[in-house]
Amino acid sequence: MKKEKVILIGAKETFIVRVLMKNICDVGALCSFVPCRVDAINSSLEDVSLMILYMEDGSLPSGEVIHFLADKMLEKDIHLIIVGQKQDVDVIIDRVPNTLIYKLYSRPVNNAEFEKDIEAFFKKKSSDEFKKSILIVDDDTHYLSMVREWLKDKYKVSMANSGLQAIKWLGKNKVDLILLDYEMPVTSGPQVLEMLRSDAETKDIPVMFLTGKSDKKSVMAVVELKPEGYFLKSIQKDELHEKLDEYFIQHK
C-alpha cells in the first residue's frame, strides 16, 4: 500500500523538528522537511495530503508564503497542522481556509498526543471522512451510474432514482450537495426542490439541477428556481469535475 506523504515546513530542521518527523514516520507515513519558502514548498507538494507548519519564536512565515499555502490548501485539498505560539498561530488561521486546518498546537508539543492525532488523521482520510458528499437524483439509472463512476474517487457519492427516494434518504443522511434531475416522472425536480426548501432539516442543502434541455426558455425556467447552479446532461467528466471543484472552493 502506498504510504501517505507529509511535509513539515519550518525555518530550520532542528532537533525538535526531527522528533516530530519521527512521530509521523512511526505511524507509517513518509515525512520530509521543507524550508519555509514558496519555491521549496511548491516543489514538494506532489501527493502530499498533510502539511505541518512549525514556527519557532520569530519565524512567522512571510505574507507571500502564507498566501501561497492558503491557495495550495484549496487547490489540492491539503489539510494543515499549525504549531507555534498563540500570537503567531492566530495570524495564520486568519489567513488560511479554516475548514482545512486539522489541529493547532502550542509549543512545546506533547509528542504522544501529536503522534496519536497524526494516526487519527490518516484513519479519517482512509475512511473518506474528509471527502465532500454528493447525492445524485435521476430516474435514469444508466446516467446515475455513469456520473457516480466519474465522481466516486474524489467524492462520497450516493444515488436515488426518484424524488421520493431522495427525500427518504435525506431523512437519515447528511449531504454537502444534491445534483437533481429537472425532469422526472411522478415527482419532478422542481417539486423535490420545493419539498426540500419547506423542511427545516433540508432547506439549506445546496441543489444543482441536471437538465437535458439547453434552449433559452428551459434554462430560464431552471434559473428562476434559484438553485446553486445547473449542468446540462451533455457535460463531460472533466468539465463536471472542474465545475464541482470551483463550487466547493468558493463555499469552503
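The model is predicted: local features need pLDDT of at least 70, side-chain atom pairs count only at pLDDT 80 or more, and totals for chains, interfaces and linings use all residues. Residues are numbered from 1 along each chain as its sequence is written, and side-chain values use heavy atoms, with hydrogens and water left out.

**Stop 1: the sheet with E1**

Select strands E1 to E5. Helices (H or I, at least four residues) and strands (E, at least two) are DSSP runs, numbered from the N terminus. Two strands pair if DSSP finds at least two bridges between them. Here five strands make an open sheet, ordered E2-E1-E3-E4-E5, with parallel pairing. Its edges are E2 (30-35) and E5 (101-105), each pairing on one side only. Now pick E1 (residues 5-10) and E3 (residues 48-54): five bridges link them in the parallel sense. Leu-8 has Ile-52 in E3 as its bridge partner.

H1 lies across E1, E2 and E3, at about 150° to E2. Contact means heavy atoms within 4.5 Å. Axes are lines fitted to C-alpha atoms, for helices over the stretch in contact, and angles run from 0 to 180 degrees between N-to-C directions.

**Stop 2: the sheet with E6**

Select E6 to E10. This open sheet of five strands has the order E7-E6-E8-E9-E10, again with parallel pairing. E7 (156-160) and E10 (229-232) are the edge strands. E6 (residues 133-137) runs parallel to E7, joined by five bridges. Val-137 stands opposite Ala-160 in E7.

Show helix H7 (residues 163-170) next. H7 lies across E6, E7 and E8, at about 155° to E6. H6 lies across E6, E7, E8 (177-181) and E9 (207-211), at about 175° to E7.

**Stop 3**

**Stop 4: the largest pocket**

Where is the centre of the largest pocket? Select Lys-76, Asp-77, Lys-125, Lys-131 and Lys-154, which lie nearest its centre among 29 lining residues. On a 1 Å grid over the protein atoms alone, a pocket is an open set of points where a 1.4 Å probe fits, with protein on both sides within 12 Å along at least five of seven lines; lining residues have an atom within 4 Å of a point. E3, H3 (63-76), H5 (111-126) and H10 (237-250) each give two or more residues to the lining.
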